[in-house]
Amino acid sequence: MKKRTRKLLWILLCLSLFIFLSLSGIILFLMVTEYKPEPMTTLGGNLISAKPVPGSARLTFLTWNIGYAGLGKEMDFFYEGGTKVRPSGEQYDRYISGISNFLAGQVSADFIFLQEVDKDAKRSYHKDQEKIIGGVLNDHYSAFAINYNCRFVPVPLHSPMGGVISGIAAFSRFSPARVVRHSYEAMFPWPKRLVFLKRCFLEERFPLANGKDLVIVNLHNSTYDEGGFLRNTELAQLKEFIDLEWEKRNYIVIGGDWNMNPRGFIPMAVATGDKVHSISPGFSEIFLPGWQFAYDPTSPTNRDVNSSYIKGKTGTTIIDFFVVSPNISVLSVETLNTGFEYSDHLPVRISIRLNE
């Protein structure tokens, strides 16, 4: 009996040591390979046939979080109460084709902001989505800023998400004079930060004939942020950048996935028949007072991914929208209802005019 007990204890000791060494090895590997971007990085881009921005023209913007072509209507996500890690190969092909075909119909948009665009990731079958979409928008200037670069995401344990290189992409019919990736300073604490996004916003600057600049910002702010500390810190940093631009009375358009409801949002049954809820915290009144929050109140832009999408049952909200400076007129804003077929977000399109 004693011999059997000693043998069992020895097995448990060896197993515990193996688990400890394995976890230590993974953490050490993640620490050595951790993505540590500079506070600001000037980026190049792909210039095909972009041209200068006309100062008084009607300009159109589109923003869409494409969910790395992995979160179409049939999908849920393990990190938000679901069980799935990635779509089947057949589903992925359908999602990326649907996204590409939709964007092919939006080539007239002057500026296109995309979020959750994978460059190389197990979850998207190692397909370069920036290249795929760039092939569709082949007359646009393109820029890409990495916000997720992890060699190995070890969760869930039964089917690890694996390596991820992903980011935000911007496409423009015009040629920017400057493209800069701005790192957000706020991050999750160690060791969680090792496997999470290193978020940023992407600045593009276009000189105008009147001596001012059109400054556009594509962003994807934090989620999984209980209490909103990261989001509020990101907004403070963004506001500091924007305030400097507004002092010069430049024209400023900020768009993307804010992971917050727009100012003035009231959850209610929308025209689409979806179930709508709000997200806390909301915007402070001191965040860009007097600026316009441009969103379509008749339609949600994002769905919960704790289960597959069912209209009227799945929770939805509005977190994808634009904020524009007071010297810009918003002519129209519309959420384009793709039925969450290819992503857990819907695209939002606005038209604006720069005021003299």
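A salt bridge here is a side-chain nitrogen of Lys or Arg within 4 Å of a carboxyl oxygen of Asp or Glu. Keep that in mind, and look at Lys239 and Asp243: they form one, with their closest N and O atoms 2.8 Å apart. Before going on, note that this is a predicted model, where local features need pLDDT of at least 70, side-chain atom pairs count only at pLDDT 80 or more, and totals for chains, interfaces and linings use all residues. Residues are numbered from 1 along each chain as its sequence is written, and side-chain values use heavy atoms, leaving out hydrogens and water.

**Salt bridges**

Lys239 and Asp243 sit four residues apart in helix H4 (residues 229–247), so about one helical turn separates them. (Helices, H or I with at least four residues, and strands, E with at least two, are DSSP runs numbered from the N terminus.) Salt bridges with shared partners also tie Arg178, Glu203, Arg205, Asp213 and Glu245 into one network.

In total, the structure holds 15 salt bridges. Here are three of them:

| Pair | Closest N to O distance |
|---|---|
| Lys239 and Asp243 | 2.8 Å |
| Asp128 and Lys119 | 3.1 Å |

**Around helix H3**

Which residues of H3 (129–136) are buried? Gln129, Glu130 and Ile133 are, where buried means under 20% relative accessible area, exposed over 50%, and partly exposed in between (1.4 Å probe, protein chains only). Those three cover an arc of only 100 degrees around the axis, which puts them on the same side of H3; the arc is that of the directions from the helix axis to the C-beta atoms. Their cover includes helix H2 and strands E3, E4 and E5.

**Inside and outside**

Is Gln115 buried or exposed? Gln115, in strand E3, is buried, because its relative accessible area is 0%. Contact means heavy atoms within 4.5 Å, and beyond its neighbours within four places in sequence, Gln115 is in contact with residues including Trp64, Ile168 and His220.

Leu9, in helix H1 (residues 2–32), is exposed, because its relative accessibility is 52%.
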